Amino acid sequence: MTRTRGEHVLLWGGILLAVGGSLFPFLWLVSTSLKSPIYVEAIPPTWWPDGSLVFYRNVLFEHRLFDYMINSAIVAGSTTGLALLVATPAAYALARLRLPGTAWILRGLLCVAMFPQIVIAGPVWRMLERLGGLNTHWGLVLPYVALTLPLAVWILATFFNDLPRELEEAASIDGCTTGQTLMYVMLPLAVPGLFTAAILTFIYAWNEFFFALLILTDPAKHTLPVGIALFQGEFTMPWGEIAAASVLATLPLIVVVLLFQRGIIGGLSAGAIKG
Amino acid sequence: MASLRLEHISKMFGRTTVLDDISLHAADGEFVVLLGPSGCGKSTLLRIIAGLEQQTSGTVRIGEEIVDALPPRERDIAMVFQQYALYPHLTVRENLAFGLKMRKEPPAVIEARLAEVAKLLEIEDLLDRKPKELSGGQRQRVAMGRAIVRKPKLFLFDEPLSNLDARLRASMRVELKKLHRRLQATIVYVTHDQVEAMTLGDTIVILDQGRIQQIGAPEQIYQEPSNPFVASFIGSPPMNLIEGQIRCVEEGFEFRAGNFVLGLPLRSGEASRLDGKPAILGIRPEDIALSAPPTPSVERPATIDLIENLGADCLVYLIVDGQRLIARASSVPPQQAGETCTVFMSFSKFHVFIDGRRIA
Ligand SMILES: Nc1ncnc2c1ncn2[C@@H]1O[C@H](COP(=O)(O)OP(=O)(O)O)[C@@H](O)[C@H]1O
Ligand SMILES: [Mg+2]
């Protein structure tokens, strides 16, 4: 089937609109971060930055961006690790055990994932207060894990479900216990699913603002989103610093996603099961 | 190696009975083929032996040990799956070694066994490839190797050749036969292909609808099928089966189906009981001759409906006294389709079934 000229225009127009629309705010941010302070609020706006690194120097040396980044890495990293550690066996059980009601458990998980966070904020805060988790990183990791688990379980269960049962049966005949089957056969084949779940969990924990603001009040413990938001003074809005910090905050995420993306593609081709 | 004994195995999935009171025995080193149409419960029975499925009732013994409570990994069996089920993320070498590693064999033993099996199956050149880089026949060999390398008590094969093309299937069949002779292994082999069953099996177990129809050596099953199902299932083209009635006459018995009447070689002791009974008469296509055979036979005029030349022999579609019969002839008959001829049927080759059971 060949496309007409009009269809081509429509297709490419759509692609450009989608990419441009989602990239524009970010590009504007990048541009702002690279301007000298006098150009930031200039009217008419200048599109092309003059390449000044003042804002970057400011956020790195006058604000505590570096600390925030480390805090975020700790929180997002632990959240991802912990969530996968719990989600993997849960997903395997849900995908494979012939128990009644597994479909309903999975649906229930999806419903829970859609709960508005504001609803659980109060109870979570109170629980953490009792547990002594306020103002600690683990106190933030705990609700993050709880909130990301449903999606992680869902993604992994879908992956496990798609793997042929015969492989597990072959493994059990070859001498594996259920745990060994999961470890040596199923997990290596579910690598793309693990990476997908890991990326989504990591992005969530890296970007989350609301609980981070609620639970961590000590500036030394702030994560990136909260730290950056608090650049804002009582009367000033340091746009340039916020832009530079946001760009820096996004870079690790891009690196992580690119790394994991290669894993996903590698995993997909390694998992050729058919035939 | 070990023997296998199944005692009164039944299996229900929900309310459907998939296997009904299956008892059979495979001696040490015996090649037993489970043969039956698709859906008759062959795979389920194999999976029960393996421990992948739990029977509803009955007992499985491997080497006289009752294994009902043991998980698959403790039964010391090996299984070759229809889809091969090779581990896609492991190389051929790792696939072969996997079971040995799981059983904590020392590396030197693993190396030695691997080399031995790779040589036996001629897969030495493939050891570093992943399954997706193998052809269907090569995967089949690797799957077989993974079973052999473990030296299990019992081999289970679930239609291992059904995914291969016809030519490869024929050559693998021959190799399997040789392999069995070399390994002296106890094998339970599931197939729906009668040629595989006839050529491979020491014993054939015919299953239909979850029940054993007949157990016997290939020749026995071919020559003395115990019921009409087995008679029609084994043989290609299938045995001619004619539904009719038994009649007592002065000279003994005769079989009647409309105008088709044949004297039967039955002993006369049961005369009164058989008279008037509905019966099925079976005659194999190769037992209908177009020229007089040396053995005593009956002759009938027939009309030739169609001739199929298969090269080595030919199939002649006949109408004899209103009944359609297929004959297998070693050479093409001189007559054309539509012409008449004489057919000869040997008494001794008749199969007679009454109430679903063979009586002669
Ligand atoms: N897990 C199961 N649940 C319900 N029915 C099943 C299950 N496994 C097999 N069956 C049924 O049992 C019958 C026999 O299946 P199977 O043993 O696979 O037959 P075969 O291997 O001879 O083709 C089929 O009718 C099939 O639908
Ligand atoms: Mg089957």
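Tutor: What follows covers the interface of chain B and chain A, and then some features within each chain.

This is a predicted model, in which local features need pLDDT of at least 70 and side-chain atom pairs count only at pLDDT 80 or more, while totals for chains, interfaces and linings use all residues. Residues are numbered from 1 along each chain as its sequence is written, chains are lettered from A and ligands numbered from 1 in the order in which they are written, and side-chain values use heavy atoms, with hydrogens and water left out.

Chain B gives 25 residues to the contact and chain A gives 23, where contact means heavy atoms within 4.5 Å. Together the two chains bury about 2,100 Å², with 58% of that on carbon and sulfur atoms; buried area is the accessible area (1.4 Å probe) lost by two parts on being put together, summed over both. Two salt bridges are counted between chain B and chain A, a salt bridge being a side-chain nitrogen of Lys or Arg within 4 Å of a carboxyl oxygen of Asp or Glu. E169(A) and R47(B) form a salt bridge, and their closest N and O atoms are 2.8 Å apart.

On the chain B side, the elements that give two or more residues are helix 1 (42-50), strand 6 (77-80), helix 2 (92-102) and helix 4 (136-148). Helices (H or I, at least four residues) and strands (E, at least two) are DSSP runs, numbered from the N terminus. The residues of this side comprise 14 nonpolar, three polar and eight charged, with Ala, Val, Leu, Ile, Met, Phe, Trp, Tyr, Cys and Pro taken as nonpolar, Asp, Glu, Lys and Arg as charged, and the others, Gly among them, as polar.

Over all chains the structure holds 18 salt bridges.

Two backbone details of chain B remain. S236(B) and P237(B) are joined by a cis peptide bond, with omega about -5 degrees, and P237(B) lies in the loop between helix 8 (228-233) and strand 11 (240-249). D21(B), in strand 2 (residues 16-26), has a positive phi near 55 degrees. Most residues other than glycine have a negative phi, and most peptide bonds are trans.
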